[in-house]
Amino acid sequence: MKNKSGFQLKELIIVVVITSILTSLTTGVIMYNNNRITNHVSGSDLNQDENLKEFLKVYASLIGDYYTDFDKKAMLEEAMKAMFNYLGEDYSDYLNKDETDSLASKLNGTYKGIGVQIIDQNIIYKVFADSPAMEVGIQVGDQIVSINGEETTNKTSDEVAALIQNANGDKIILGVLRDGSPIQFEIEVKTLFVPAISYQLVDYNDKKIGYLAISTFSNTVSAQVKGALKDLESQGMNSLVIDLRNNTGGYLAQASEIANMFLEEGKVIYSLAEKDETEAYVDDTSEKRDYPVAIIMNEGTASASEILAAALKDSYHNNVTLVGETSYGKGKVQQTKNLEDGSMVKYTTARWLRPNGDCIDGVGIHPDVLVEIVMPNEGEEVIDTQLKEALQILSNM
């Protein structure tokens, strides 16, 4: 990145905000994964529930007397969906097995592979840092043509990924075409982090400013952030931009762990207002930081992203500036329960409150400095106006 008029990101990815908002409705903040009956309802309560008895009578009547056979599992799935539809709330829902697996995959944070992203025609679009593929010299633009001697020319990228993940042993022989020439690599297949961050050090107005973009709060993101901060600080970073644009959330615990890296011990991260009580959650670690931070937000910044932004804004002892646009405004948290058939239900159990006591649900977090992205005309330079403003603010501190 260069310090010049018309600052330009090398990898500016513009995401349609509407898509991010819709995604936030299904991602949200996942608090628990709990298979037991709730603290408020026991098995005895269910046995005595007259409404449930009536439901079971109807179900039994249909099983025994309906004039033709039907799919009982599918009917009960529809019944569960109907319960959540009755609540009339976007964040509570029934997810079938495929939907559950998709959400779990997104939030798990690890995968088995070699550390590449493959696109059409099995061309390598990205080689991730510190991956087995990078270690052996795989390059962007290489085309995968074989795996352990099996041709992949007519296979989809998903089929190629499956071949890599399911290969026998710890290593594979990967055949690629590079500039028309065939090359073979022996590569170790490992369990790797799904990249949830990107970062770099920026020289801006003679200041060393870190740039850290967090794309999702997966199960491994706090470990990735810890490594990034260590690397940036070793390079002399004296302030930090955290980019939370279009980050629709994930695990609450991960947002808390990242907040712990910055806040002083005892500072409030958030509070949960449940049905019967409100409880504050505080930093219980000795780790802290003291350099200025600027956080970039937009309408796609939701859920766990908003928890982190609010925690640092309200509780960080040094200066935090919020830059960009008002965030989405998801101030509720969900509990999940896995069902025996692999499906899942998730439902709202509480509102979360900022350290200052505010609930942002339906309101969002307002930036200190409002900056909108200016879309360029055809042929004009793409300028990330929000990032440019964040860097300018930190360079003046």
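Student: Which strands does helix 11 lie across?
Tutor: Helix 11 (residues 385-395) lies across strand 11, strand 12, strand 13, strand 17, strand 18 (320-324) and strand 21. Its direction runs at about 165 degrees to strand 17. Axes are lines fitted to C-alpha atoms, for helices over the stretch in contact, and angles run from 0 to 180 degrees between N-to-C directions. Helices (H or I, at least four residues) and strands (E, at least two) are DSSP runs, numbered from the N terminus.

Student: What should I know about the model itself?
Tutor: It is a predicted model: local features need pLDDT of at least 70, and side-chain atom pairs count only at pLDDT 80 or more, while totals for chains, interfaces and linings use all residues. Residues are numbered from 1 along each chain as its sequence is written, and side-chain values use heavy atoms, with hydrogens and water left out.

Student: What is the strand order in the open sheet?
Tutor: The six strands go 11-12-13-17-18-21, with mixed pairing. Strand 11 (197-204) and strand 21 (369-370) are the edges, each pairing on one side only. Two strands pair if DSSP finds at least two bridges between them.

Student: How many bridges join strand 13 to strand 17?
Tutor: Four, and strand 13 (residues 239-243) runs parallel to strand 17 (residues 293-297). I242 stands opposite I295 there.

Student: And what does I295 touch?
Tutor: I295 is in contact (heavy atoms within 4.5 Å) with I242, L244, A309, L312, V320, T321, L322 and V323, leaving aside neighbours within four places in sequence.

Student: T321 is on that list. Is T321 buried or exposed?
Tutor: T321 sits in strand 18. T321 counts as buried because its relative accessibility is 9%. Buried means under 20% relative accessible area, exposed over 50%, partly exposed in between (1.4 Å probe, protein chains only).

Student: Which residues have the most contacts inside the largest nonpolar core?
Tutor: I214, L240, F262 and I295, in a core of 43 residues. Helix 10 (residues 304-315) gives the largest share, seven residues. A second, separate core of 18 residues includes I114, I147, V160 and I164. A nonpolar core is a set of buried Ala, Val, Leu, Ile, Met, Phe, Trp, Tyr and Cys residues joined through side-chain atoms within 4.5 Å.

Student: New topic. What happens just after helix 4?
Tutor: G88 takes a positive phi of about 65 degrees. At the start of helix 4, a side-chain oxygen of D71 comes within 3.1 Å of the backbone nitrogen of K73.

Note on methods:
Polar contact = N/O pair within 3.5 Å; in protein donor to acceptor, adjacent residues only side chain to side chain.
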